Amino acid sequence: MALTGRLGLLAALGALVPIFLPSWWALAALWAALAAAVAADLALAGNVRALRFHRSGDARVRLGETASVTLIVENLGRRRVKARLRDVWPPSAAATPRATRVDVPAGERRRVEMTLAPTRRGDRAAVTVVVRSAGPLGLAARQLSRPAPWTVRVLPAFPSRRHLPAKLAKLRELTGNHVALIRGQGTEFDSLREYVDGDDVRSIDWRATARRADVVVRTWRPERDRRIYLVLDTGRTSAGRVGDIPRLDCSMDAAMLLGALASRAGDRVDLLAYDRRVRARVEGASRTDLLPSMVHAMAPLEPELIESDAAGMVSALMSRVRQRCLVVLLTELNTAAIEEGLLPLLPRLTARHLVMIAAVSDPRVGEMAAGRGDLAAVYDAAAAERARGERRRLTAELRSYGVEVVDAPPAEIAPALADAYLALKAAGRL
Amino acid sequence: MIQSPPQGGADGSGSPAPPGPTAGQVASRRFRSARGIVLVLLALVAIAVILAALRPSVTPQDLDPTSPTEGGSRALAEILKQNGTRLDVARRAGDAAGLASPGSVTVVTRPERLTDGDIDRLRGAQGDLLLVQPNRSVLRELAPGVHRAGTSFERTADLDCALPAARLAGPVAFGGAETYATSGGDGVVTCYRADDYSRLVQVRDGSRTVTVLGSPEPLTNAHLTEEGNAALGMNLAGARSSVVWLIPDLPEAGAGGDATLSDLLPFGVKLFVLEVLVAVALVALWRARRLGPVVAEALPVVVRSAETVEGRARLYRAHHARGRAADALRAGARERLVPLLGLPRSTAQDFAFAQEIVTGVAHRTSYDEAVVGTALYGPEPADDAQLLALTDILDVLERQVRQS
């Protein structure tokens, strides 16, 4: 039940009654009249309990795009329901309209279109639907809140999608797919074929040529069916914002580009998100299914404000993966976290796998290092130089363990990681 | 990494901060902004002081036997005293009743200030009464049989009765005066008639004589000398051996009765207030009922990634860590110089290659080895100016090596 402003106004106007008729009886009569009007209004208002809610529409949306969710209001009662309706969503779902009017005749259905423009990644669940149906006098209303469950998963934006065609072209160049006469630059033997004018004479297979009348060349292709394990660090260092984006989101973007590229190159890609326990895992996804499952697994991830457990991460990895693979660890080059956590475990990891560490650097540090002019700027520059020096030292140390390090600002991390992968592939190191 | 609100100061630390204002500048700026208010307050205080100083300590009252103003009655009081009549001034009805004796006349002025209790006390008092322009309740209680009839605006009235005091006075200038009707009876004397009603009435009320005067003007300083005013006043007030002049003070607040505010409010007003309260409660209920709940949501932490670097810069600055700052700047510069010289990167922080690096840089720049050596490996800067100079020379070296 809900009262309306009209009732308050009537009661205020009723205050004139005792001025002209100063008696308890007049006032009691006024109250009785108001109470009777409220009771009549409640009795005659549309029955909100007879309403049923159904939903349809988008269940997932990329961050930055809008989703539309339809709420269907069905009236099972015998009277028409005219009501105000609010479909309640969390604030970051940015659902519009906030409230709307519905007019559902008995036994019919009406649609309410909601538009969601989520501002953050993750799952956004509808909280409840509230209807308020006022009576014919507009003095009182029946109100009911009833859940109508629906969840919209807000997926990471994947802004580095635009780099994918260029990287795929580079990949095709490696495989030699698009120009027949260029010898594939891979290291894995593909097939034998007849020599064509223009082929590199170094690739003539003399033994096969001897067996046949024709000159035969070997063709090469990059290695295929290698395993790539993407590891997302969701610990405290991933919460830091570079620009206005958490480091975790930049890492996700890079992981998605690498995943898309590697699956097209014929490699198997797995994903693990870890801080002190497994937050998400994608394993054994098929080539076509990989990107959607990665995006789904990553959507609800949030940075946890705890120190990552490097030992747990390494054992979680080692227990799952038997064959040699490329482990891409997306983390931050934080001296304390890496030196105390990861470095002692690296020999175990590098003995079995090829390890690549991708870290998002902060352009703000570069700006500070270039600052000159007054004393504050110079101290800023000194602190930034020191941070960069530590980062360089850490990178050198990691490289001494045979680890590949990709350290790039947020705008370049995804293509830089893809390039590093392509370089490894071309060199046949996978 | 600590979660903290973004700070404006941290963002601006890269750009040159404006020099802070001195305490004097701050004070003068605050004074300028508050000047108008201060001046207005001072002016108000000054006006209040002047008004308080100009205000007389005692307000002169009409018909006050101690007041020498035009409306006062000091002249009459002095004349009465000179003639040997005793004059007591009472400011309260109770005092007047106590002072009154069988041989006295009580002059009752300003009757509008008398409460019902005061009138009762006066009725119980001894001696004669002279009521000056009484109101209805005083007239009803103290002068039975006399009723207010109307008002006369004739300046003077001629003698038309046999009252001794009137006879001695002759014509009297009343100015505007109230006129009275009497219900007749024994011992009723009416004087100075206008349109069948009289301005001066004398009645017997038991043992006392009650005289009702329709105008205060004959008794005031301004009009005492006109016509027979002085004689009338003297003979009415001074008819007995002593005079009690009652000029009541304003009744004290709350002294008039024990009625509370709710007793004085009409019943309808109380019901009105009740109904307004009901209306307010209904409006509150209307506004309190939300269309749906408030939705709480966990928000992500906001930590800037460069926060630790900025914090370190502020620590350096706060502790004037010139040595550490210079070391970091030199290490950074060497790191960028070494590849330009064609040396491996690992030599940058290796002191064994110091001489080689210095020679290489000096060879490609306009500076000699001593200057380059001091710049790249020198001691800690002695003051802030030297630190700034160090960054300048490092920048110059780097630029020259790059361009060579």
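Ground rules, briefly. The model is predicted, so local features need pLDDT of at least 70 and side-chain atom pairs count only at pLDDT 80 or more, while totals for chains, interfaces and linings use all residues. Residues are numbered from 1 along each chain as its sequence is written, chains are lettered from A and ligands numbered from 1 in the order in which they are written, and side-chain values use heavy atoms, without hydrogens or water.

Let me start with the patches. A patch takes residues with over 30% relative accessible area and no salt bridge; like charges are joined within 9 Å, and nonpolar side chains (Val, Leu, Ile, Met, Phe, Trp, Tyr) within 5 Å. A salt bridge here is a side-chain nitrogen of Lys or Arg within 4 Å of a carboxyl oxygen of Asp or Glu. Areas are Shrake-Rupley with a 1.4 Å probe, and for residues only the protein chains shown count as cover. Lys and Arg are positive, Asp and Glu negative; His and the chain ends are not counted. Each charge is placed at NZ of Lys, CZ of Arg, CG of Asp or CD of Glu.

Chain A carries a nonpolar patch on the surface. Its members are Leu9(A), Leu10(A), Leu13(A), Leu16(A), Ile19(A), Phe20(A) and Leu21(A), with about 720 Å² of accessible area together. Helix H1 (5-14) and helix H2 (17-20) of chain A each supply at least two residues. Helices and strands are DSSP runs, numbered from the N terminus: H or I of at least four residues, E of at least two. The most comes from H1(A), with 3 residues. Leu16(A) sits in the loop between H1 and H2 of chain A. The scale is simple: buried is under 20%, exposed is over 50%, partly exposed is in between (1.4 Å probe, protein chains only).

Now charge. On the surface, a negative patch gathers Glu154(B), Asp158(B), Asp160(B), Asp195(B), Asp196(B) and Glu227(B). Asp160(B) is in the loop between strand E5 (156-157) and helix H7 (164-169) of chain B. Asp160(B) has 39% relative accessibility, so partly exposed.

The positive patch draws on both chains: Arg84(A), Arg98(A), Arg101(A) and Arg290(B). Arg290(B) lies in the loop between H10 and strand E12 (303-304) of chain B. At 37% relative accessible area, Arg290(B) is partly exposed.

On to aromatics. Rings of Phe, Tyr and Trp (its six-membered ring) pair if their centres lie within 6.5 Å; planes under 30 degrees apart are stacked, over 60 edge-to-face, the rest tilted. That gives 3 aromatic pairs over all chains. One of them is Trp24(A) with Phe267(B): edge-to-face, 6.1 Å centre to centre, 65 degrees between the planes. This pair crosses between chains, from helix H3 (residues 24-44) of chain A to helix H10 (residues 267-288) of chain B. Phe267(B) is partly exposed, at 35%.

Phe174(B) and Tyr192(B) also pair edge-to-face, at 5.2 Å and 65 degrees. They are 18 residues apart: Phe174(B) in the loop between strand E6 (172-173) and strand E7 (177-182), Tyr192(B) in strand E8 (residues 189-194) of chain B. Both are buried.

Last, two loop residues. Leu301(A), between helix H7 (290-298) and helix H8 (310-320) of chain A, is buried at 5%. Its C-alpha is 8.2 Å from that of Arg121(A), 180 residues apart along the chain. Arg92(B), between strand E1 (86-90) and helix H4 (93-99) of chain B, is exposed at 55%.
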